[in-house]
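Dear colleague,

I am handing over the structure we spoke about, and my notes on it follow directly below. Please read them with the structure open beside you.

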Amino acid sequence: MSQLYSTFANIYHEMYQHIFDYDKEFEFYDAILKKNNSHKILEIGCGTGLLAQRFVANGYDYLGLDLHEEMLQIARSEVPSAKFIQGDMCNMQFKEQFQAVLITGRSLAYIINDKEVLDTFISVSNALVYKGTFVFGVFEAPAIFEDMHDFEQNIEHGSKKIKRINKLKKIISPAETWDWNAKYIIDDGVTITEFEDQTTLRAFTRKDINEKLKITGFAVKEIIDEGKTFTVVAEKK
Ligand SMILES: C[S@@+](CC[C@H](N)C(=O)[O-])C[C@H]1O[C@@H](n2cnc3c(N)ncnc32)[C@H](O)[C@@H]1O
């Protein structure tokens, strides 16, 4: 289990405000949702609520879901007016239905086996109204593997310095996955804390995504190319 999303969820929250531009991410999703007349939305992999606060501030009827309670605790304190629930995207059940379901932050990368990807798509379909919109971004195979290399990140959050040393190892078969070993060194000016995470992530080909969406009852409306990632907009048939 990733410590970044559990014991050290606060470090995720502090770091990622400097890694992603959440205003831009919000504008991107907002444009897709408006184009598809979607107001009642479910965000899967909502993390610490960095997008939730923007969805709520812009009047969306919003529900956030995440696997990790520690991420949700931060989300709840950051965005008290939003609704959040704990759950696994592979096996979600709701009494209500949504006009759009989003999987943000490329969180589908954590679903590494085919059956669970299909279970996720079926779960999403059940959560959507007829002709509802499904939006999600993924890492693109093989583009992501072409120049995969180890790298280091240095992030400052207030007086806190966070160093992350990333080591990546390709595992091409059976699916296009890679092991990500991340070592964190956190200096808050008084103490230095270190921890290490070992995670496996998955990339997808467009063909694979197309096939999986087709057999779970979705029609692809749009694919937005982002270089090493792409975002899919699909409609429940
Ligand atoms: C890279 S973070 C993205 C968080 C947020 N969307 C953001 O952009 O800040 C990935 C998130 O996916 C969540 N996650 C991983 N596996 C999940 C699963 N099976 N079901 C629901 N959420 C999951 C993690 O707990 C984490 O919060």
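I begin with the largest nonpolar core, which has 57 residues, and of these Ile 41, Val 101 and Leu 102 touch the most other members. A nonpolar core here is a set of buried Ala, Val, Leu, Ile, Met, Phe, Trp, Tyr and Cys residues joined through C-beta atoms within 7 Å, and a residue is buried if 20 or more other C-beta atoms lie within 10 Å of its own, exposed if 12 or fewer, and partly exposed in between, with C-beta atoms placed from the backbone. Strand β5 gives the most to this core, with six residues, and the core draws at least three residues from each of domain 1 and domain 2. In soluble globular proteins, nonpolar side chains tend to be buried together.

Please keep in mind that this is a predicted model, in which local features need pLDDT of at least 70 and side-chain atom pairs count only at pLDDT 80 or more, while totals for chains, interfaces and linings use all residues. Residues are numbered from 1 along each chain as its sequence is written.

Not counting residues up to four places away in sequence, Ile 41 touches Leu 33, Phe 55, Tyr 60, Asp 61, Tyr 62, Phe 98, Gln 99, Ala 100 and Leu 102, where contact means that the C-beta atoms of two residues, placed from the backbone, lie within 7 Å.

As for the chain, it has seven helices and eleven strands; these are DSSP runs numbered from the N terminus, helices being H or I of at least four residues and strands being E of at least two. The radius of gyration of the chain, 18 Å, is close to the 18 Å that the globule rule gives for 237 residues, so the chain is as compact as a globular protein of that length (the radius is taken over C-alpha atoms, and the rule is 2.2 Å times the number of residues to the power 0.38). The C-alpha trace spans about 55 × 45 × 30 Å along its principal axes, and 35% of the 237 residues count as buried.

The domain assignment gives domain 1 (3-139 + 203-236) and domain 2 (143-202), with bounds that come from an automatic or database assignment. The C-alpha centres of the two domains lie 22 Å apart, and their contact takes 16 residues from domain 1 and 16 residues from domain 2. On the side of domain 1 that touches domain 2, the elements that give two or more residues are α1 (9-19) and β9 (192-204), and the largest share, four residues, comes from α1.

Around the ligand there are 19 residues, of which Gly 45, Gly 47, Leu 67, Gly 105 and Ser 107 come nearest; a residue is counted as near if its C-beta atom, placed from the backbone, lies within 6 Å of the molecule. By class, this shell has eleven nonpolar, six polar and two charged residues, with Ala, Val, Leu, Ile, Met, Phe, Trp, Tyr, Cys and Pro counted as nonpolar, Asp, Glu, Lys and Arg as charged, and the others, Gly among them, as polar.

Two single residues remain. Gly 137, in strand β5 (residues 128-140), counts as buried with 22 C-beta neighbours inside 10 Å. Tyr 5, in the segment before α1, is buried with 21 other C-beta atoms within 10 Å, and Tyr 5 and Met 71 are 66 residues apart in sequence and 6.1 Å apart in space, C-alpha to C-alpha.

With best regards
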